[in-house]
Amino acid sequence: MENARVLEERKEFIWDGQDGRGGNGIKCDANSVSGSVSQRACVYCGARVVLNPITDAFHIVHGPIGCASYTWDIRGSLSSGDDLYRNSFSTDLREQDIIFGGEKKLKAAIEEVAEKYHPRLIFVYATCIVGVIGDDVDAVCKAMSQEYNMRVIPVKSPGFSGNKSVGYKMACNAIMELIAKHKNLKKKGINILGDYNLAGEMWIIKDYLNRIGIPVVSTFTGDSSYDSLIRASAAQLNIVQCAGSSTYLADRMEEEMGIPYIKVSFFGIEDTASSLIRIAEALKDEEAKQKAMEFTAAERLKLQDFLTKYRKNLRGKKAAIYVGGGFKAISLIRQFHSLNMETVVVGTQTGKKDEYEIIESLVNKETVILDDTNPAELEKFMKEKEADILVGGVKERPLAYKLGIAFCDHNHERKHPLCGFDGVINFTREINSSINNPVWKYVKEEL
Ligand code: SF4
């Protein structure tokens, strides 16, 4: 492997076809290497992406204004009710507060929100500087909860306390603090974990479940509310869509509430179909399973002509994937395969060992696999492997364009749903129109 752009300490996080694989597997699920400009966000950001879609919650960012602006309107999560979550509040800590402590400012901020808006639920994020100066955020939240008879939940998420995965865990702990004390009688239905209703995707999945006769009790956290979340313990089963952010929550709910879980993915025909059938099987609901098989077979049939048409345009094109979690990467590899495309580079921010093993089993031995990569590595491997398109998020978009490579946003900012059978149409059209856009010919001539 030519290592001009790969730090020595990063080599264990990269598998390429030349150095071979195997042994202990790829290094992953670890803090970023110092000196490598990781594409991963900080702990606080990880916590906020999970909690932000709760539609009637308030989010107070206790720290300098930069932390709040960094995560302003962090996801394209849609709501069928409140839109309070679209607001962002900050204690805007300044030098004086850093010297004398920020607790007074935090108390004042919570009081202002409480008196103006009478919320039922506030999350208070403790950012880096708060971790350094040692404000007693727990005590302030507890006192304010009692004074205003509302839930004020601290999310201790200083950026330096780990990586984005730690933030996910902090968010899951905050959710458990909210829901654990609410015991409900069991009823037929499931909770959806790790879906944030980006571009209304949660509604598509709920519709599919409704068609096969499976009710949804609570959703974490897309299009959720205080009232819907506290009903969660009534569910028979949890399904986990974004494994990276929500497996820890599923584990805690299994242990403390007795709700089993399965991991699912609703990206692509194969994964959508198998997920719906597996949900029915996990519930031991034969009628739902039969309906799921009929529904998915009919949807698959409807898409046949559409896919045949686009496969011709996409045959032999090469894809690079860099996304948050391993399960999404796995689904995307399968989707590209079904479009006659090859995945030449694939990586994730928070993938786990078992997910990388599945990824390895799905790709060619020449495919480069990366954990927690940086722009320099992405550039190097996309150029070497001559990728035609990069699928990623907001931080990857400019990199692709600068290299004259097509791009598909499969993260927070996507404007149309990419999940389920409906999503297959949007995804295929987007990949086709981006890859086959004539602009790349002219851009490449300039490079
Ligand atoms: S790393 Fe620290 S200072 Fe930067 S956004 Fe995250 S919490 Fe704020």
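This is a predicted model: local features need pLDDT of at least 70, side-chain atom pairs count only at pLDDT 80 or more; totals for chains, interfaces and linings use all residues.
## Two sheets, one model

Two strands count as paired if DSSP finds at least two bridges between them.

Strand β10 (residues 318-323) and strand β13 (residues 389-392) run parallel and are joined by 3 bridges. Here I321 stands opposite V391 of β13.

## The parallel sheet

Another open sheet has 4 strands, in the order β3-β2-β4-β5, and its pairing is parallel. The edge strands are β3 and β5 (151-156), and each pairs on one side only. Strands in a sheet pair through backbone hydrogen bonds, either parallel or antiparallel.

Follow the bridges from strand to strand. Strand β2 pairs with strand β3 (residues 89-90) over 2 bridges. There, I60 has F89 as its bridge partner. From β2 the chain crosses through helix α2 (residues 65-70) to β3, and this β-α-β crossover is right-handed. Strand β2 is also joined to strand β4 (residues 121-126), by 5 bridges. In that pair, H62 has A126 as its partner. Between β4 and β5 there are 6 bridges, and L121 is partnered by R151.

## Helices on the parallel sheet

Helix α4 (residues 103-117) packs on the sheet and touches β2, β3, β4 and β5. Its direction makes about 165 degrees with that of β2. Helix α6 (residues 137-148) packs on the sheet too, touching β2, β4 and β5. The direction of α6 makes about 170 degrees with that of β5.

## An enclosed strand

How many residues of strand β2 (residues 58-62) are buried? The count is 5 of the 5, so β2 is largely enclosed by the rest of the structure. Both faces are covered. F58, I60 and H62 are buried on one side, and H59 and V61 are buried on the other.

## Around the ligand

Which residues surround the ligand? They are C42, Y44, G63, C67, Y70, T127, C128, P158 and G159. This shell divides into 6 nonpolar residues, 3 polar residues and no charged ones.

## Backbone details

Most residues other than glycine have a negative phi, and most peptide bonds are trans. The peptide bond from F220 to T221 is cis, with omega near -5 degrees. T221 belongs to strand β7 (residues 216-221).

H118 has a positive phi, near 50 degrees. This residue lies in the loop between α4 and β4. H118 has 10 C-beta neighbours inside 10 Å, so it counts as exposed. K284 has a positive phi as well, near 55 degrees. Its place is the loop between α11 (269-282) and α12 (286-314). K284 counts as exposed because it has 9 C-beta neighbours inside 10 Å.

## A residue in a loop

D29 sits in the loop between β1 and α1 (43-51). With 16 other C-beta atoms within 10 Å, D29 is partly exposed. D29 and E12 are 17 residues apart along the chain, and their C-alpha atoms are separated by 12 Å.

How values were computed:
Residues are numbered from 1 along each chain as its sequence is written. A residue is buried if 20 or more other C-beta atoms lie within 10 Å of its own, exposed if 12 or fewer, and partly exposed in between; C-beta atoms are placed from the backbone. A crossover is right-handed if, with the strands pointing away from the viewer, the path from the first strand over the helix to the second runs clockwise. Two residues are in contact if their C-beta atoms, placed from the backbone, lie within 7 Å. Axes are lines fitted to C-alpha atoms, for helices over the stretch in contact, and angles run from 0 to 180 degrees between N-to-C directions. A residue is near a molecule or strand if its C-beta atom, placed from the backbone, lies within 6 Å of it. Ala, Val, Leu, Ile, Met, Phe, Trp, Tyr, Cys and Pro count as nonpolar, Asp, Glu, Lys and Arg as charged, and the others, Gly among them, as polar.
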